[in-house]
Structure formats: C-alpha cells, structure tokens
Amino acid sequence: MDLPKNIIALTTDFGTSDYFVGSIKGVMLGINPNAKIIDVTHDIPSHDIWSAAYILGMTYKYFPQYSIHLAVADPGVGSARRAIMAITDKQYFLAPDNGLLSFIFEDPDFSRVIHINAEHYYLPVVGSTFHARDIFAPVAGWLSKGVEPEKMGDEITDYVRFAVPKPKKEGETVLSGEVVYIDKFGNCITNLHFEDIRTMAESTGSGSYSIAFKETAVDKLSPFYASVKKGEHGIVVNGNGYLEIFVNQSDARRVLALKRGEKIRITF
Amino acid sequence: MDLPKNIIALTTDFGTSDYFVGSIKGVMLGINPNAKIIDVTHDIPSHDIWSAAYILGMTYKYFPQYSIHLAVADPGVGSARRAIMAITDKQYFLAPDNGLLSFIFEDPDFSRVIHINAEHYYLPVVGSTFHARDIFAPVAGWLSKGVEPEKMGDEITDYVRFAVPKPKKEGETVLSGEVVYIDKFGNCITNLHFEDIRTMAESTGSGSYSIAFKETAVDKLSPFYASVKKGEHGIVVNGNGYLEIFVNQSDARRVLALKRGEKIRITF
Amino acid sequence: MDLPKNIIALTTDFGTSDYFVGSIKGVMLGINPNAKIIDVTHDIPSHDIWSAAYILGMTYKYFPQYSIHLAVADPGVGSARRAIMAITDKQYFLAPDNGLLSFIFEDPDFSRVIHINAEHYYLPVVGSTFHARDIFAPVAGWLSKGVEPEKMGDEITDYVRFAVPKPKKEGETVLSGEVVYIDKFGNCITNLHFEDIRTMAESTGSGSYSIAFKETAVDKLSPFYASVKKGEHGIVVNGNGYLEIFVNQSDARRVLALKRGEKIRITF
C-alpha cells in the first residue's frame, strides 16, 4: 500500500533542459522508491520568487492531505539564507527562506515553520549551488518515508514573508487592484476576487459598476471567454475566483499591452 | 496492487509554466491517491484542437487497456459546449465536445459517447474558465477509482466530429494528400499512409512513382533519415506508417518552407 | 510491493510537444503497468548526442540501484547503428550506439555492453524513424519486469565511445580546461573539477592561482552565486564539483559572450 505522505510535488525554476530536475528526482527515489513525484512546473522564470509563490499558492489547495511540496526559486542559494519547512494542518512545504511560502503563511490552516538544520538528513556532501538536490530533495524523501518534521530542525518565527498585494478601497465607491500574474495564454490575472466585488456591491447598495485599466473600460463581466468575439477583450472570474483580463482566443498581454503591476479599478 | 484503471494520461494546451497542470494533478490525486498520472504533452499550441486531436490519435493506441485519457484544447470553455467521454473497447477519453476526439471516433473499437452531466462527480464549485480542473480531473479521478462510466452521464450521438483529411485519388494514377502535422524536428508528416501507396501500386500495376510537393520531386522513399546526406531532404515512412518529409539533421519546415496543409502528390 | 527494477528514467531530445514521449510511455506501461516512469528531460537539443551524454552523466549517479535509463539523441536512427544496453554494477542504460553512453563507460562500476538484438523483445513492427518506441521502450518495459539483460542480446566490445574532454597540464603551473555545458540560467560549466585544483595546488606547493577565460581573470573562487553583486561574474564550484562561470542573477553566456568549447586556464 502507498504510504500516506508519498506525494512529492515539484514547483521550480530549474527548467526542463538540464540535469537539475533529474538529479532531485533520483535523490528522492533513492531514499524512497515509493515516492510519487509530481511535476507541477519547472518553468518558473529564473530567480522569480514571486511567480513561484503565486503558482504554489494557486495549486497546493488541490493536493491531498500529507502532500509534500518542494518549491524552489533561489537566487540566494549557498548564502546564509535558511532552508525551511512550513507545515499547515494538512501539507508540508519545503523551500528557501526567501518569501516563496508567503501565500502558505496566509492559509488559516498554517501552523508553523521549521528551520531545516538537521544535517544528517542532507546528502553527505552539500555544495553551494544546488540545495534542492543536496538538502530539499533528501529531506522530502525522508519526510515521505514518515520521519517526523520535528526531527528535521528547530521551529522559527522570523522567516521571510512578503506582503501579498491586496485590493485597496479608494473612498466609498472605488476598489483598486493590480495584475499579479500573466499566464501562458496571455490572460492577465488580477488580485481582485469576485467576493471583493460582491462585498463592495452590498456596501454601496449598487449592482452596477465599471472596471477600468489603462484606457480601457468594461461595464460587465463576461460569463466565459467565448462570450465575446474572437479577438475581443473581456474580464472573467477565473477558476480561482479572481478577475482575469482576456482576449478571446488571443493574448491579452500583447493585444492590450499589459504587464504585471498594471492597475485595475472598479467604480460602483 | 494497482487498480486496473489507474493510468490517467494528459494531453493539453496548458503549457507547463502555469498553475493549470499542477491543479488538475492535485485534484486527481485528491480523489485517487493511487492514480498514475502520465504527461503526454501540455505543449499543444494554445486553442489548437486539431493538434490535440492529432497527438492523441497518434499516441493512444500504445496505452494499455483501461487507460483514461484527459485531453483538452478548449477555446469554448464555459460556453454551452459539452464535456464528453468517448469509450472504445479498451480505453476512456475525456474531452470537450469540440471535435478533439475525432480520431477516436474512427477507431474500429469506438463504442459510444457519454455527455458528462452527472454534476456530483464535478468539483463542488465549477467556474467558467477551467473545466479541466473542475470537471474533467475529478471525473477522471472517480473513473480511475472504478466508478462506472454510465454513472457519469447520458449517452449522446450528436457529438461534434470533424472530418480527418483523407488522401484523394485524382484519376487512375495520382494520389494526393497533404501535410497534417509538423513535429519539433521540423519533419512534415502527411496523411499518406504507406498502405495507400501499396494499394495504388497494385491497382496501377506500377511499382515506380514520383512524389511531388511545391517545386520538389522525389522518386523514391528513403529507408531512414541518415540515408541522405546531412542537410538534404527525403521522404520516409514514419513510425506510424505515414509519409514524412524530412531534411537530415535539420528542419524541413524551414529549409523547404513547408506548412500544414501543403499538398503532396504521388504519380504512378 | 514495487518491483526492484521498476524505475525507468527518460533522457531524450524528443521535446514535449509531439507524440514521441506519450508513445514511449504508453508502450512501457502496456508491458509493465507498474513501471515508474520518470522524466529527466526531453529537451536535449535535437540530435545533440554530447548534451544527452552530459545530462545523463550528471544525473544517473543519484538514481537508486536497478534504475533503468532510456536515453535518446539519435540522428542515425534506422541506419546500421546498433541499439545497446550498458550495465554498471547498479543500473541499466539503453541508448543508440553513438557515444551517448560515453560517461557511463568511464564509471568504475561499468561492467559491459549488450547489443540489443533479441527482436522478440521489440514491438512487432519496427519502423525506421522511431526506435525509442519500437525497440528501447519495449526492452525497458521487459527489463523492468525482470527479464534478464543477457536475454536481450549479445555482449559486444566494439561500441562507439567518444573521449570526454579532460583538463590538460601545460607545464608545471598551468591547468587548462574548457566550457563543456551551458545550463538554462546561462551558467557555463567547465570540465575543471575542484579536485584538479587541489591536486595542482599540492604539486606546485602554491595555494594562490588566477583563473582566466577570454579577456577575463578571476583570482579566487566565489563561495556561492550571491557572494558577488547582482550582474557581476564569478566562478563557483558547482553541485557536481566542477568550476562554473556565472553572473549573479543573470546569464553568463550572454553577458560574457561564452560558448561551449571556450578555454579556461588556471595559473598557479
């Protein structure tokens, strides 16, 4: 029978063309041949901690209890930055201590962070460039075999955490947010959640609103992508509940010249 | 022991850089931790139903009995287009009802199509942009756990099916086809099967023929890529039995300026 | 319980956009549904035997005993070049006989090479363009089910092997090497191992040295990437023990205009 903690999900900026991914898979399987290794993505832009945090934040909730996530975008590898493990009620998260787990820290089920300093769970020789293989992979392997997280190191509270950008109220009738992620289709995902609009609509007593970004204004949400003509733009509530600017069967980033950080404002 | 239906093979246009692939894997593992998830490809060109259909058509026969295929290129996601499951004698195919399963419908072992409308097998909340996660992934998970396909919805016969382009006879001595797919090496795969040539050779009583495309003519098949000099072109019978225009160790698409739909004619 | 040989690791130049990878996975699972298929990489540059050899060489040691590696970059597919299996004390390597396994042949635990000519372990029909699917995948499948390697064919000793470039001593005080691989971050990995420097330092009795490449000279190793400022260059000992030229949080290949084969010299 499969062990309860045998799922190890990988979210990295290693790309898929080099020896990085193969090495960490080999290390994990060497420790636990029954580990079930799942590629989430290895195509986080190089050194882009925010994108790694975002992708992890949008996927981990769908994984079953006891899943182990190994997440790496690590420009500070080899420096004094620590290797950490965050634990929620249900899952384990291994990452460098650089803010990558900031979305996890916001989870109501977030419990604690352990500094992974029990070096006997590392590979025997640890280099300065590839802690994913030398530290995170073996720790994930041992964790998947049932070693208690407490044995991996000491609890800490001074881990690095960055502020996940939140929507802001401007007066009583305006809510402003921004584009926080652009996917491979060119869809521009904002940090405005559908619940934010509903709450604002209730507090203003107004069901009608206008949504503006750059020189564009949209006065209603599209129910789905194909509800506007091919090549036309719209805003949908995406699968995670966030407003997403799209161009039907095309690339909103390119067509509308949008980028991460672009402001979006809803006026009721 | 592994369950008989635990293989779930993924063919999508989601790319590998976003949260799409991780989310659907998480959902499937949440329902069936023993699911064996296999990446066929996530690099179908965005919204390209034909390419998804082609890749699925060229791979599924190699999978074992009871494999479940989840295939998505879905420009109409969220609209009225249905979610369907095709069943052959041996395998299960989950896809949007947009023609993506057209190659499956041509399989002699193709049995029937079910409209996946039993919503209790969906995720509790279904959005309008990500049915792969909200509908197809959970249905694949339950199917892999042994839920009978009949419980997933009602049989339909009016599913969308497009015509797979077939070779055409022009008079008694000419067979014409076209380039239907170009692979990452730049090899241009046609819809002319080696059996078509054999049949035509028998009916014309002629073993000699000339193959022409654009301004190029070739008077015999190459036994393998390296049988012509590096940089020279030829035509081989590829691994699936189809004529394939290649340039040895180079890119036929670029060198010969070919594209999908390019005509190719065999004259006996 | 998992079978001891059920891990099959894939290192290929097939890309991830076509039907190649899906087909070989299907074939292996058809023979052994319990095979544990691991993607090392499918993004070896097309036909680049050296890169395939290098990536395999840098990853295989991390895999557990009895792992099976299927490695393909095969410009000569379909020609007279043979399909071979190399066996070390611990692992199995399936590849075309074109030098791809040259790093394996240098392993002290390398034992022997078998010409895979027992055709009853092939797929029933073998084409000329896709031996990974028609020969290597089924052989990997059967091997993973416990078929003895000796049954797959006859031992040979005249397999193709290329010289892995080694550092050269120039007089008593200079050691020269070259860039042998460039990773996706643009880090330029040389064939100079840290042990080479240590040995040379001992023999010269000198602990100080200068490392030069192109017009650049570096007089000490960096302990880790982030030990120099963002955008500045340095040389680290990488995770495999080799000197690696980097630019912190940027791309050394581009910034320093380096390429594979670029000379690097250490003067004591």
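The model is predicted. Chain A and chain C bury about 2,700 Å² between them. For chain A and chain B the buried area is about 2,600 Å². The count of salt bridges is 0 between chain A and chain C, and it is 0 between chain A and chain B.

**Chain A with chain C: extent**

- Chain A brings 34 residues to this contact, and chain C brings 33 residues.
- Carbon and sulfur atoms give 57% of the area buried between chain A and chain C.
- Three residues lead on the chain A side: Asp18(A), Tyr19(A) and Thr129(A). They supply 23% of the area that chain A buries against chain C, more than any other three residues.

**Chain A with chain C: polar contacts and makeup**

- Between chain A and chain C, 16 residue pairs are in polar contact, with both residues at pLDDT 80 or more.
- Two elements of chain A each supply at least two residues to the side that touches chain C: helix H1 (20–31) and strand S2 (36–41).
- H1(A) gives the most to that side, with 9 residues.
- By class, the side of chain A that touches chain C has 13 nonpolar, 15 polar and 6 charged residues.

**Chain A with chain B: extent**

- Here 33 residues of chain A touch 34 residues of chain B.
- Of the area buried between chain A and chain B, 57% lies on carbon and sulfur atoms.
- In chain A, the residues that lose the most area to chain B are Tyr62(A), Lys184(A) and Phe185(A). Together they account for 24% of what that side buries.

**Chain A with chain B: polar contacts and makeup**

- Polar contacts join 16 residue pairs between chain A and chain B, both residues being at pLDDT 80 or more.
- Four elements of chain A give two or more residues to the side that touches chain B: S2, helix H2 (49–59), strand S9 (174–182) and strand S13 (233–237).
- S2(A) gives the most to this side, with 5 residues.
- The side of chain A that touches chain B divides into 18 nonpolar, 8 polar and 7 charged residues.

**Strand S2 in both contacts**

- S2 of chain A supplies at least two residues to the side that touches chain C.
- S2 of chain A also gives residues to the side that touches chain B, where S2(A) is the top contributor.

Note on methods. Residues numbered from 1 in each chain as written. Chains lettered and ligands numbered in written order. Predicted model: local features only at pLDDT ≥ 70, side-chain atom pairs only at ≥ 80, totals over all residues. Heavy atoms only, no water. Contact = heavy atoms within 4.5 Å. Buried area = accessible area lost by both parts, 1.4 Å probe. Salt bridge = Lys/Arg side-chain N within 4 Å of Asp/Glu carboxyl O. Polar contact = N/O pair within 3.5 Å; in protein donor to acceptor, adjacent residues only side chain to side chain. Nonpolar A, V, L, I, M, F, W, Y, C, P; charged D, E, K, R; others polar.
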